[in-house]
Structures are given as structure tokens and as C-alpha cells.
Amino acid sequence: MTTHRAKWLFLLPGLTVLVAIILFPLLFTIRVSFSGWDVSQPGLDWIGGANYARLWEDLRFWQAMARLALLTLASVTLEFVLGLALALLLWREVRAQRFFRVLFLVPMMTTPVIMSVIWRTFFHESLGPANDLAQLLGFAPQAWLTNGATAIVSIVIVEVWQWTSFMFLLLLAGLLSLPREPFLAAAIDGAGPIRTFLRVTFPMLAPISIGALMIRLIEASKLMETVYAMTSGGPGTATETPSYYIFIRGLREFQIGYAASHSLVYLIIMIVALTLIAKFLARAMLPKDKTA
Amino acid sequence: MIILYRTLKYAAILLWSAFVLAPFMWALTTSFKTSNGVTSGPTYLPWLQYEPSIEGWRSLFRSDGSGIDIVGPYASSLVVTLCSSAISLVLGTLAAYGLSRFTYRAGFIRNADITFFFISQRIMPPVVLAIPFFLMLQFFGLLDSELGLIVVYIALLMPIAVWVMVDFFNNIPRELDETAMLDGCSPLETFWRVILPNSKPGLVVAGLFCIIFGWSDFFFAFTLTFTNTQLLPVAVVALNSSVTPWWSLSAAALISVAPLIVVAFVLERFLSRGNLAGAIK
């Protein structure tokens, strides 16, 4: 049958190319994680699970994981709430609607690492506008990037600035695709705006909301370029994320084997965590079966 | 009540607009400063607070020590982004059409698993792949070259194309294919003559997403190229030290992010026409 042959013509080119590019790096990482490859002894010797045993006790890695969980959950939650609010604001008639829609989309178009460089000057204690703004709002001046807690806050602000626009795009596209009938029905029932949102808009938006949240969680978990450009993980290790820590171990200290074990543990934790979060979101947000 | 609601609504919109614009305005004003304007504390208004100069913008086109030559990295970024996006889009669209219309089976592997395999590539942090990619490109002699980065970026961008296009094709009614098949079209002809012409919104969105993420990548360009090839983000971040004048830095940053602003206009057009809903879901 020609159909039988043709279907492989669609899939195989892309699949082959991707596997060819990705297979070696993955297998190599697994193998090298069982070796002591470092700057003094490069090469694939076999040291068993020594890297993993050492990682288990490496507090700096687990702190980075905990920090990533905090950073990711805080920024993605904020991005979702703000993105949804902005999408709702620009959904129905607003003055200069198209202008604001374009403007709100702009941050996701900009290169994160380049914007981080600008943000670093923005948050500069004495030469940047951040402290001017803080004082204008009645706060004391902060040592934004050189104090552990405010450095974390600064990174969240930058992440939210960059990626709320992505949530906004997906959620507005979702809102614009909703059918009109349920809203008419709600209006006939005399439901107010809040009731309509809770009973109609939000549930109908749930599938795309879950998709948007998952994409952002995946992308946010890789966070490192912003950290690299803004704080270099500092002060001390206060803003290190796992990706950044692996970068330091692997490409700065050339502990290739040890860094590879970080990578794999990190990947496994991510896959498990993201699967659980996806399940949780589906249960919490998708409309329950009507008959039940 | 309605007046209060409207006031709050526009206040919120304007507040967010100010937040979005803040770093751009700051970079714009900084790009016209000289060392006096920078070191005397935060200043915002040219002429009133500092004497503007176009030195920052001039330094972008000088390749001697006093500036950075941004033209080379610009061209490299364009070539790498456009080539890798185009290849990813072609391969990704073909694979997505296959995954949307046919049933594949290999052992326990089903369509959903293959789709997941494509999309799951995005979970992989760049730092995990950096070292093996380094060795791989070294082996093929592609280190520090545009071709090497294009190969790497295909792995980065194809998952995005597949993700957008599978959903898009799933929303195109199968009757369209079946009618074409009944008229005697082969699967390839059906795809080429009937499906593709109806897929413009999906293709545009997938292509734009590839371009955004390709243009934005820093890490692979940072680890896999050195002197022969330099992409924009690497060139700009190289300025990110305390000795670099902020004016050059700001001008370089602004000119690097400028071209993709066009993408926001294109996406908005599709959004307002209602075409985007099927393309991203």
C-alpha cells in the first residue's frame, strides 16, 4: 500500500534528524556520569556510582533545587495570574485595544539574556532607577542584586516581566476562541461578572491554561541565563539554580563526570515533578464530569 | 460603579504598559549618555539632566578597541536563526502531519509516545547537552561555526514546530483529507495541495516561535563558538562587565532586540483576526 509507505515519509525525516542529534549527548551523559572525568584525568574510566553518592551529600545542589522550586512556582504563578488578568482586560472592547495587545506581547520577543543585562543596570544600587522608584513608593533603598533575598525578588521580577506576555498570548488566544452561547446562557440566568468568570470563562479556559502553565514550568525550570547575566549566582550562592550549578561544575571546574550526574538526577526529578504537577492541574482545573 | 470599574481597568492597563516599557526607556536614555550622565546617579532626561551624545550608537560600528563591531554577529544571528527555523519548520510540519493523521506502531510505542518524545526535548536544560554537543561538534569539525550551531538549534526548535503543528492539524477536519483522497490524491499530494494551503496560520505561528527561541538562545552560542562565529546575545553579554560603558551596552542591547518586535505585530494581527486560536492550544 502506498499509504503505508507514505506515512513514514512524513514522520521519519524529522524523527531521524532529532534522534541523530540528541542520542549521542544523552547516552554520553549517562556513561560519563559513572566516570571521574575531570580536568586532571580526562577520559571515560569507571568509578561506579561514586558521583551519585557524592551528589547525595552535596548540599549546594539540593539548595539550588529548593531555590528553583521556589523561583519557578512564584514566577509562574504570578505570570499566570497577571497574564490571565491582562488577557481578560484586553479581551472585550478597550480603547487602543490593538496597540496594548502588541505592547503586552513585546517582552516575550526580546532575548532574555540581553534584557537581563539591561535589568542589571536597572537594579544597580546607586546608578540605576530601581532605588529611585522604591523611594518614590516610600520604600527604603535596597541592595537589589547584592543581597540574597532581594536578588531572588529581582530575578522573579525579571522573569515575570519577560514571560507574562507568553501567558497573555496563549490565554488571550484561548479567550478569543471560546464559543458565545455559554456566555449568553449565563447572562440570561442573570449571572454577574464574577459568577460568569468562575462558572463559565475559567472552566472553559482550563485546557489551554494547563497547557500554558506546563510550558512555562518546563521553560522556567531551565532558568540560568538570567541568573548568569544578573547575579552570576551570587551573592555567594544565593541565586544559584541547578542549571547554573551544573554549568559551574561542568564548564568552569571541568568536573565533567560529576556534572553529568547532576544533570541526570536533575532530569529525573524534573520529569517526575512535572508529571505530578500536570496530573494535579488536570484534576484541580478541568471541569468534573457533568453526570457525576 | 461603572465609572469606578472603567477607571480601575485603564489604570491597570497603563500600569502594566509602564512596567513593560520601563527597561526599554531606561536603556534608550542610557544609550545617549556619556560617563558623566551615568556616574552621577540615575538620570532620565536628556539635555535637562545630562548632555546627550551618540557615542554609544557609534561604538556599535567600530571594530577597533574602542567599540564593538555588531554587524558580524548580527549577520551570523540572522543566518543561524533563519536556517535552523526553516529546517525545523519543514521537518516538524511533516512529522506533525504524520502524527496527526496516521497510526504508527513500533513495539509498545504509539503516536502519543512519539509526540511526547518530540516535545519532551524541551525539558532538557541546555547545560546538560552543552558538553556532549561540544565533543560532537569537535568530532565533526563544526565547532565555532554557523553550521554547527544550526545543527544544534534544529534539536532545540523542531520540538516547538511539532508541538504547534500537531495541535493545528488535529483541528483541521479529516474530511478534507478524505475528500482529496477520494479525488485520487496520494497522501503526499493531499498534504501538499490541500492541507498546506489551509495551514497558513499554524505555519506562521510555528515559524515565528522557532525564530523567537532561535534568536533568543544564548547558552549554546556561548559554549560552542569562540572567535570565528559570534552570535548577538554572546556579543552583548561580552559587554556585561563593570568596565563596559553602559551607553554602548544599552545601544547594543536595544539594536539586538529590535527586529523581533515586528513579530509582536504579526502575532497580534493573527490574534485579532481570530486565526490564532487554532494555531496555539
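The structure is a predicted model, in which local features need pLDDT of at least 70, side-chain atom pairs count only at pLDDT 80 or more, and totals for chains, interfaces and linings use all residues. Residues are numbered from 1 along each chain as its sequence is written, while chains are lettered from A and ligands numbered from 1 in the order in which they are written.

**Chain A**

Chain A has 12 helices and 0 strands; both are DSSP runs numbered from the N terminus, helices being H or I with at least four residues and strands E with at least two. Its C-alpha atoms fill a box of roughly 75 × 75 × 35 Å along the principal axes. Of the 292 residues in chain A, 40% are buried. A residue is buried if 20 or more other C-beta atoms lie within 10 Å of its own, exposed if 12 or fewer, and partly exposed in between, with C-beta atoms placed from the backbone.

Confidence is given as pLDDT, the predictor's confidence in each residue, from 0 to 100. The mean for chain A is 89, and 97% of its residues reach 70 or more.

| Part of chain A | Mean pLDDT |
|---|---|
| Helix α1(A), residues 2-32, lowest | 87 |
| Helix α3(A), highest | 95 |

**Helix α9 of chain A**

Among the buried residues of α9(A) are L205(A), S209(A) and R216(A). The buried residues of this helix pack against α3 (59-89), α7 (148-176) and α12 (256-285) of chain A.

**Where the chains meet**

Two residues are in contact if their C-beta atoms, placed from the backbone, lie within 7 Å. By this rule, 76 residues of chain B are in contact with 73 residues of chain A. Helix α1 of chain B (residues 2-30) gives the largest share of the chain B side, 11 residues.

**A residue of chain B**

T39(B) lies in helix α2 (residues 35-39) of chain B. T39(B) counts as exposed because it has 11 C-beta neighbours inside 10 Å. T39(B) and R110(B) are 71 residues apart in sequence and 62 Å apart in space, C-alpha to C-alpha.
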